[in-house]
Structures are given as C-alpha cells and as structure tokens.
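Welcome! Have a look at the structure, then try each task before reading on.

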Amino acid sequence: MVMDQDVARHLSDASVSVELETADMTLNIGPQHPSTHGVLRLVARVDGERAYDLKPVIGYMHRGYEKLSEVRTYPQITTLVNRIDWVSGYANEIPFVVAAEKLMELEVPERAQYIRLILTEMARISSHLVFMASYPLELGAATPLFFALRERERVLDLIESVTGGRFHPNFNRIGGVKPAYGSGSSTRKMVQDLPAGFFSETRKAMDEVLNAVDELESLVAGNEIILIRTKGIGVLPPEVAASYGVSGPNLRASGVGFDLRRVERYLPYEDFDFEIPVGENGDCWDRWWVRLREIRQSASIVQQAIDGIPAGPLQAKVPKVIKVPAGETYVRAENPKGEMGYYLVSDGASGPYRLKIRSASFSNISILPWILEGVLVPDIIAIMGSLDFVLGDVDR
Amino acid sequence: MPDFVVNLFDNFWVALGGKLALVALMIPMIGMAIGFAEMKLSAKMQHRMGPYFAGGRWGWAQLIADGVKFFQKEDLIPEEADRPVFKIAPIFVLMGTVALFVVIPFGPGLIFRDLSVGVFYALAISSISTIGILMAGWSSANKYSLMGGLRAAGQLIAYELPLVLAVVGSIILAGTMSMSGIVEAQIDAGYPYVIFQVVGFAVFMIASLAELSRIPFDMPIAESELVMGYLTEYTGFRFLFFFLAEFANMFTLSAIAVTLFLGGYWLPGIPADTLEFAGPVILLGKVFILVFAMIWFRWTFPRFREDQLQTLAWKWLIPIALANIMITATLKVFL
C-alpha cells in the first residue's frame with residue numbers, strides 16, 4: 001500500500017515534469033475594484049494572463065426605480081430617473097417627460113424645448129468628458145483626468161446655474177421646464193428664466209471645451225502607448241453590436257451611423273446642423289475617437305441653440321394635479337451612453353401603472369462575455385473602460 | 001580633524017557603523033526629497049496645488065507626516081498569508097536598494113567601497129529587490145498580488161539583459177568595471193561617455209524604468225488592473241518600506257546612469273582639486289535631472305501591456321544593445 005502511494009507520487013511527479021500542467025485560477029474582479037465603474041463584478045477563469053468564460057454579475061446597485069415609480073406621481077418621478085445614469089442626470093429626465101407629454105398630448109413651448117436641448121447637450125459633453133478623464137487613467141495615464149475634469153466643471157457650473165443641481169437637476173416639468181411662476185408658500189409671482197449672463201458664459205465655456213478637446217486630442221491621440229493599447233483591441237463588429245442591442249457611441253464606433261437624434265423627434269434636433277461621427281474598426285480606439293468628436297458636435301449644437309433660441313413661455317398649460325390619460329407609449333432618446341427609453345403605461349391615475357426603463361449601459365454591458373472571451377487581463381480593463389457604462393444605468 | 005577621530009575611523013567596525021548610519025540616514029532623506037518632488041511636480045503637470053498645508057510653507061512636511069502616519073498604522077498580515085515571507089519581503093526590497101549605495105562614487109575617494117567589479121555588483125544586487133517583490137506577491141495569498149509578483153518576475157528577466165548589455169559600451173570605453181574607475185576614465189578622456197553611448201544610455205534608462213516598475217512599465221502594480229499588485233495587502237511601515245525603496249531606487253539607478261554615462265561627479269571645466277567638495281553636489285544635480293525625467297514620464301505615459309513590454313525588451317532593446325556593443329568594440333579596436 002505504501003509502495004503504491006510512493007509509486008503514484010513518483011508517477012505524478014514524472015507527468016508534471018513531462019508537461020507542466022497549470023491549474024486555472026478563478027479571478028474575481030469587483031464589486032470593489034478601481035476600474036469597474038462602480039460595483040460591477042466579473043468572474044473570470046484566468047490562465048496566466050488570459051481570461052475565459054467571463055461572467056458579469058450585476059445587481060449590486062439595484063434601487064428598484066421601475067417599481068418605485070409605480071407608487072410615485074409623475075412630477076416626483078423626475079427625481080428618480082435623473083439618478084439612473086448620474087453622469088448625465090439631466091439627459092435621463094427628457095425621455096420620461098416627453099413620454100408623459102405625448103400621452104397628455106401637450107404642446108411644449110419652443111423655448112422650453114430649446115432649453116432642454118441645450119442642457120441635454122451639455123450633459124452629453126460632461127458625460128463624455130468623464131469618459132475622456134477616466135479612460136486614460138484606466139490605461140495608466142493619470143494626467144488627462146485633470147484636463148478633462150477641469151472642463152467638465154465649467155459645464156456642470158453652467159448646468160447648476162440654470163437648474164440648481166450639478167448632477168441631479170430635476171429641472172424638467174411635465175409640459176416644459178421648471179415653472180415660470182413661483183409656487184408654494186410664496187405669494188409673489190416670480191418669472192424664472194435662464195440666469196443673467198448665461199448665454200455669454202455658455203459661449204465662452206463651449207470655446208474653452210473645444211480648446212480642451214484639442215488639447216486632450218494632442219495629449220492622448222499623440223501618445224504611441226495609448227495607440228498600441230487601444231488599436232485593434234476589443235473589436236466589435238457591427239452585426240454583433242446590433243444583435244446585442246449595443247447603442248450610442250459604442251455602436252457608432254463600429255461603423256453604424258445610427259443616432260436617435262436624427263431618427264426620433266423628441267427634441268428639435270432637426271433645426272441644427274451637426275454631424276454623426278462614425279468609427280471604422282469598432283475597436284477601443286474608435287470608441288474613444290467617436291466620443292471625442294461627439295463633444296465637438298455637441299458644443300457646436302449648443303452654440304447654434306443659444307444663437308437661435310426663441311422667446312416665449314417656459315411651460316405649457318397643465319392642470320394642477322397631473323393625470324395622464326390611459327394609454328401606453330415608448331419614447332427613446334439618444335443619451336450620452338446610448339439609447340435610453342421609457343415604456344410608460346398609464347391607467348389614468350396620477351402615477352404610472354408601469355414604467356419600463358430601457359437603459360443604455362445595461363444593453364451595452366451585455367456584450368461583455370462575448371467581447372472579453374480570451375483576452376488578456378489588461379485588455380479587460382481597456383475594453384470595459386471603452387464601453388463607458390455607469391452602474392446606476394445598468395442596475396436602475 | 002583631530003587625530004583620534006581619524007584613528008577611530010580606521011577601525012573596521014567603527015567605519016562600518018558610521019557608513020551604515022550614513023546610508024540609513026540618506027535613504028529616508030533621499031526618499032522624502034524625491035517623493036516630495038514627485039508630489040509637487042505631478043501637481044504642477046495636472047494644474048493642482050499639491051501638498052499645501054503640512055509644515056506651513058508649500059507643504060514641505062507632507063512626506064514626514066505621511067511617514068509618521070504609516071508608522072502609526074496597524075501592521076496587518078492576512079490570515080492566509082505566508083507569515084515569515086510576508087514579513088521579510090519589504091526588507092528584501094529595501095536591502096537591494098541599500099546595497100546599491102555601496103558602489104556609488106559621490107566624489108573622488110568618496111565611495112563606500114570601490115569594488116573592482118562595481119558595475120557588475122550594482123546590476124546583480126539591483127535584481128534582489130525583484131525577488132522581494134516576487135516574495136511579497138506570493139506570500140500575500142491574494143490573486144492580484146500573485147499576478148503582480150509574477151509580472152514583476154517576468155519583467156526582471158526581460159529587462160535585466162538590456163540593462164547589463166547597455167552598460168557594456170561604457171565599460172569597453174573605460175576598460176574597467178570599477179565605478180570610480182569609469183568616472184576617472186571619463187575625466188581623463190575629457191568628455192562624458194554619453195556622447196558616444198547615446199544608444200546605451202537610452203537603453204539603460206528605459207530598462208531601469210522597467211526595473212523600477214514605474215509607469216510606463218508599472219504592470220506589477222497596475223492600479224487600475226491589479227488594484228495595487230503585490231502591494232495590495234501591505235499596510236503601515238511595511239508598505240512604507242516599499243515606498244521608500246522605490247524612491248531610493250530611483251536615486252541609485254539614476255546615480256549609476258550618471259556615473260556610467262554622464263561623467264559622474266565631474267563636470268567639464270571644474271578644476272579637479274575642487275571636486276572633493278563640488279563632486280557630490282554635481283552628482284546630485286545630475287541625478288535629479290534624471291529623476292525629474294522619470295517623474296515626467298510617470299505622469300505623462302500610460303502603461304504598456306505585459307506582452308508589449310516583452311516585445312520591446314526582446315525584439316528591440318536587446319538587439320539594439322548588442323549592436324551598440326559591437327560598434328563600440330570595433331571602434332575601440334580600430335581607433
């Protein structure tokens with residue numbers, strides 16, 4: 001018996017020396033990890049530096065907004081929805097209020113629509129600047145972070161000066177933007193419009209943003225190491241992207257020029273002249289490059305909008321208690337992260353019967369197991385960063 | 001100096017004790033100077049203020065405050081860790097750095113020990129710290145640390161070779177491996193070797209960045225991938241040891257580069273009899289120029305991927321260094 005064990009041990013030693021069999025290791029990335037954009041968890045089987053069978057585990061950030069909105073009134077829900085993708089809080093409110101307005105058949109004043117559009121594009125700029133800040137950091141370059149965040153601060157200050165909130169503006173009302181006449185305990189009727197000097201400040205800030213984008217381009221695009229880390233990494237073919245429901249800049253980087261700003265009519269984008277940047281290869285580099293060019297387009301849209309903003313009221317006539325007629329509708333909008341949609345079912349009460357939220361990041365990260373199969377561990381970070389998701393947007 | 005003091009230092013043990021005390025003082029001082037420079041320079045590059053409050057003016061005491069903080073922290077050892085290895089690893093890393101100070105000539109005769117194989121010794125001893133890193137990564141019982149430690153080992157194998165090959169050019173020119181001998185040869189020749197050894201100098205600097213595992217070669221730490229790599233589980237003064245070793249290592253590797261390529265403690269035009277006093281200042285000045293470059297790279301570049309680093313080492317740096325040796329040797333023989 002003892003002999004057998006010895007023999008067996010020697011045999012196993014011999015087989016080890018013939019072929020080095022290394023066991024795979026299960027690597028758990030997250031939920032606490034510097035580069036998972038919050039609380040995403042990935043469980044991967046790694047063989048050395050290569051990762052296989054990657055499983056994203058989501059839900060650590062679930063806040064139950066869909067259920068919560070069933071027990072809230074319509075005006076209360078905007079406070080919930082701008083917390084979905086907190087990097088571009090303002091843009092999240094738009095499709096929801098548009099959906100409610102569609103069911104109520106409200107005509108939103110043109111000035112209010114323009115203000116919505118200006119702030120949405122500013123939210124897009126600030127969201128893309130966060131990406132411009134965090135993506136080089138994930139590749140190891142710390143300095144572009146400060147260049148990008150400095151400009152974002154300018155944009156957030158402007159959003160704050162209009163809405164009073166940096167991240168969670170809660171500025172949209174059903175039928176327009178924040179009521180033109182003060183309500184509540186105050187008996188004084190106050191006209192609230194854009195703050196004084198907003199247009200000149202915005203014009204200046206947009207010029208600064210465009211300068212900063214040029215600066216970032218030279219800082220990042222001129223860097224050989226960034227290029228070899230991102231070019232040809234995480235290639236996402238258009239047909240795969242479409243089949244997974246990937247949307248937004250990630251889809252456009254794969255060469256599909258699909259932008260809801262052109263397709264849908266939720267804000268008056270048809271009045272403006274702008275391009276839809278499209279990538280060629282669908283790799284990490286193209287995703288970066290598309291976002292950089294989108295900042296330029298957004299800045300140009302904002303400049304056009306403040307030149308052409310019409311005068312008029314900020315709010316359509318709405319009843320004191322908002323009740324949405326029974327019916328259902330789906331409104332989708334081009335959010336900075338991709339397509340964001342609200343499927344609103346109303347039974348005529350003061351709150352929705354059901355609100356299904358289609359968030360961009362959730363569909364975008366569904367690509368992770370496909371795109372991360374067999375890549376190196378450093379590339380996991382590079383690819384994940386380039387998809388630019390926010391966990392609040394994934395879990396809702 | 002009074003006779004009895006001179007006699008006292010003739011005693012081997014007293015001299016050894018004195019030198020040890022000197023190095024033990026120098027490492028924290030240099031570590032703090034470089035650490036502070038890094039904080040302030042990175043702040044400047046990123047439109048920040050950097051340390052501002054500690055010490056009253058420019059936050060000069062920030063590093064002292066940080067050091068005191070590290071000593072107050074609990075010395076945490078993970079339950080699953082290999083305790084003795086985990087404890088000794090930071091000492092290994094720091095030891096490699098301390099031992100490098102032995103062969104750096106600060107001035108004529110101002111060297112702890114002028115070994116006849118000084119260059120060889122320096123390159124051999126500088127890889128000890130990588131063993132410390134591997135020990136730290138292995139013993140932490142953490143998968144990220146393990147990957148960091150293994151990456152460090154791979155990096156060592158890849159970069160030790162260009163590092164060694166890069167200095168051969170200078171050795172051929174000087175005809176000696178003694179560190180002070182190489183400086184004297186440069187003084188005799190009247191020019192720093194970097195003039196004919198630009199390639200060797202460049203390869204040496206790139207390889208020493210990899211040896212230091214600083215950005216763009218910081219894969220063993222890779223904060224955004226491996227959290228902090230082999231440092232993840234370390235706290236308190238053991239973490240401080242790694243920290244100090246990194247900064248002191250920046251100093252020593254720069255000092256070796258200065259000695260081999262930039263004329264060491266010598267500047268053209270400085271009379272030889274003043275080098276006794278001016279030498280250390282000149283050396284420090286040159287070292288800090290190189291350290292500045294390292295800090296500059298760190299805050300400008302992203303990091304390579306592990307396989308790209310290996311490609312760079314094996315396909316580029318080693319052939320270039322070998323070609324450099326051949327050309328230098330040919331020219332030495334025929335000119």
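**Exercise 1.** Which residue in S3(A) does Leu42(A) stand opposite?

*Solution.* Bear in mind that this is a predicted model. Start with the strands: S2(A) and strand S3 (residues 50-57) of chain A pair in the antiparallel sense over six bridges. Now find Leu42(A) and look across to S3(A), where Pro56(A) stands opposite. Next, turn to strand S1 (residues 25-29) of chain A, which pairs with S2(A) in the antiparallel sense over five bridges. There, Ile29(A) has Leu42(A) as its bridge partner.

**Exercise 2.** Sort the side chains along strand S2 (residues 41-47) of chain A by the face to which they point.

**Exercise 3.** Which residue takes a positive phi in the hairpin of S2(A) and S3(A)?

*Solution.* Look between the strands, where the hairpin has two residues. Gly48(A) is the one with a positive phi, near 65°.

**Exercise 4.** Describe the side of chain A that touches chain B.

*Solution.* First count the residues: the contact takes 25 from chain A and 21 from chain B. Next, list the elements of chain A that give two or more residues to this side: S1, helix H5 (110-138), helix H6 (143-163), helix H8 (224-230) and helix H15 (377-387). H8(A) gives the most, with four residues. Lastly, sort this side of chain A by class: 16 residues are nonpolar, five polar and four charged.

Terms used. Residues are numbered from 1 along each chain as its sequence is written. Chains are lettered from A and ligands numbered from 1 in the order in which they are written. This is a predicted model: local features need pLDDT of at least 70, side-chain atom pairs count only at pLDDT 80 or more; totals for chains, interfaces and linings use all residues. A residue is buried if 20 or more other C-beta atoms lie within 10 Å of its own, exposed if 12 or fewer, and partly exposed in between; C-beta atoms are placed from the backbone. Two strands pair if DSSP finds at least two bridges between them. Two residues are in contact if their C-beta atoms, placed from the backbone, lie within 7 Å. Ala, Val, Leu, Ile, Met, Phe, Trp, Tyr, Cys and Pro count as nonpolar, Asp, Glu, Lys and Arg as charged, and the others, Gly among them, as polar.
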